Amino acid sequence: MRVSDFGEIETELLRRVERIVWCTTATQMPDGRLRSRILHPIWEGPRAWVATGRHSPKEADLTANHYLSLSYWDPAHEQVYAECISRWEESAEEKARVWRLFGDAPAPMGYDLGLFWPDGPSDPSYGLLELSPWRIELSSLAGLIAGRPSLVWQPAGGPPLNARATGG
């Protein structure tokens with residue numbers, strides 16, 4: 001079932017991602033091959049934030065291609081798939097705000113980013129990625145067995161074609 005109002009999936013999306021926490025992420029390397037890794041996004045409405053090393057292999061991948069795919073799965077076979085456009089956030093104020101967002105969120109979603117960046121949000125190696133999904137799918141094995149379709153959210157207007165995020 002397709003919906004364009006994010007409010008129709010928000011509660012269920014947050015229930016799943018706050019329980020599963022870690023997701024598998026795929027990016028495309030500059031040579032065109034795919035690379036997978038795990039990430040710990042924190043969701044804020046219809047976007048997610050990832051605190052990550054600013055000069056990591058992700059930086060090269062996302063400079064070449066700003067798209068990435070997130071896949072959450074758990075043993076109950078509930079899945080979340082999010083297809084996103086990424087953008088590096090450079091604003092000191094926003095980096096500090098999201099730093100606090102991670103620190104204030106209850107575990108396991110929240111954690112102390114200072115474990116990785118001891119100099120705080122001004123640490124030059126602290127990178128902040130904003131992920132803007134153009135498609136989110138919620139599915140489950142139980143739903144499939146019961147004949148219920150996946151719930152698919154796309155913002156009004158559908159997916160961006162050949163869109164490129166800025167700041168990559």
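1. Start at Tyr-72. Setting aside neighbours within four places in sequence, Tyr-72 is in contact (heavy atoms within 4.5 Å) with ten residues named here: Val-17, Ile-20, Val-21, Trp-22, Cys-23, Pro-41, Trp-43, Glu-78, Gln-79 and Val-80. The model is predicted: local features need pLDDT of at least 70 and side-chain atom pairs count only at pLDDT 80 or more, while totals for chains, interfaces and linings use all residues. Numbering runs from 1 along each chain as its sequence is written, and side-chain values use heavy atoms, with hydrogens and water left out.

2. Tyr-72 also belongs to the largest nonpolar core, which has 25 residues. Such a core is a set of buried Ala, Val, Leu, Ile, Met, Phe, Trp, Tyr and Cys residues joined through side-chain atoms within 4.5 Å. Buried means under 20% relative accessible area, exposed over 50%, and partly exposed in between (1.4 Å probe, protein chains only). Ile-9, Leu-13, Trp-43, Leu-70, Tyr-72, Leu-131 and Ile-136 touch the most other members. Two or more residues come from each of α1 (7-20), β5 (48-53), β6 (67-73), β7 (78-88), β8 (126-140) and β9 (151-153). Helices (H or I, at least four residues) and strands (E, at least two) are DSSP runs, numbered from the N terminus. A second, separate core has 13 residues, including Trp-49, Ala-51, Met-109 and Leu-128. In soluble globular proteins, nonpolar side chains tend to be buried together.

3. Which elements does helix α3 pack against? Its buried residues pack against β4 (42-43), β5 and β8. Those buried residues are Glu-94, Lys-95, Ala-96, Val-98, Trp-99 and Phe-102.

4. Phe-102 sits in α3. Phe-102 counts as buried because its relative accessibility is 0%. Beyond four places in sequence, Phe-102 is in contact with His-40, Ile-42, Trp-49, Ala-51, Met-109, Gly-110, Tyr-111 and Leu-113. Phe-102 and Val-3 are 99 residues apart in sequence, and their C-alpha atoms are 29 Å apart.

5. Aromatic pairs next. The whole structure holds 7 of them. Rings of Phe, Tyr and Trp (its six-membered ring) pair if their centres lie within 6.5 Å; planes under 30 degrees apart are stacked, over 60 edge-to-face, and the rest tilted. Phe-6 and Trp-153 make an edge-to-face pair, because their ring centres are 5.3 Å apart and their planes stand at 80°. Phe-6 lies in the loop between β1 (2-3) and α1 and Trp-153 in strand β9, so the pair ties together parts 147 residues apart in sequence. Phe-6 and Trp-153 are buried. Trp-99, Phe-102, Tyr-111, Phe-116, Trp-117 and Tyr-126 form one aromatic cluster.

6. A charge over a ring: the charged end of Arg-54 sits over Trp-88, 4.1 Å from the ring centre. The criterion is NZ of Lys or CZ of Arg within 6 Å of the ring centre and within 35 degrees of the ring normal.

7. The side chain of Ser-56 reaches the backbone oxygen of Gly-53 at 3.1 Å. Ser-56 lies in the loop between β5 and α2 (57-64) and is buried at a relative accessible area of 17%. Gln-154, in the segment after β9, is buried at 16% relative accessibility. The side chain of Gln-154 makes a polar contact with the side chain of Arg-2 at 3.4 Å. A polar contact is a pair of N or O atoms within 3.5 Å; within protein, one must be able to donate a hydrogen and the other to accept it, and residues adjacent in sequence count only if both atoms are side-chain atoms.

8. Check the backbone. The Ala-107 to Pro-108 peptide bond is cis, with omega near 5°. Pro-108 is in the loop between α3 and β8. Val-21 is not a glycine, yet has a positive phi of about 70°. Val-21 lies in the loop between α1 and β2 (23-28) and is buried, with a relative accessible area of 3%. His-77 has a positive phi near 65°. His-77 belongs to the loop between β6 and β7 and is partly exposed at 31% relative accessibility.
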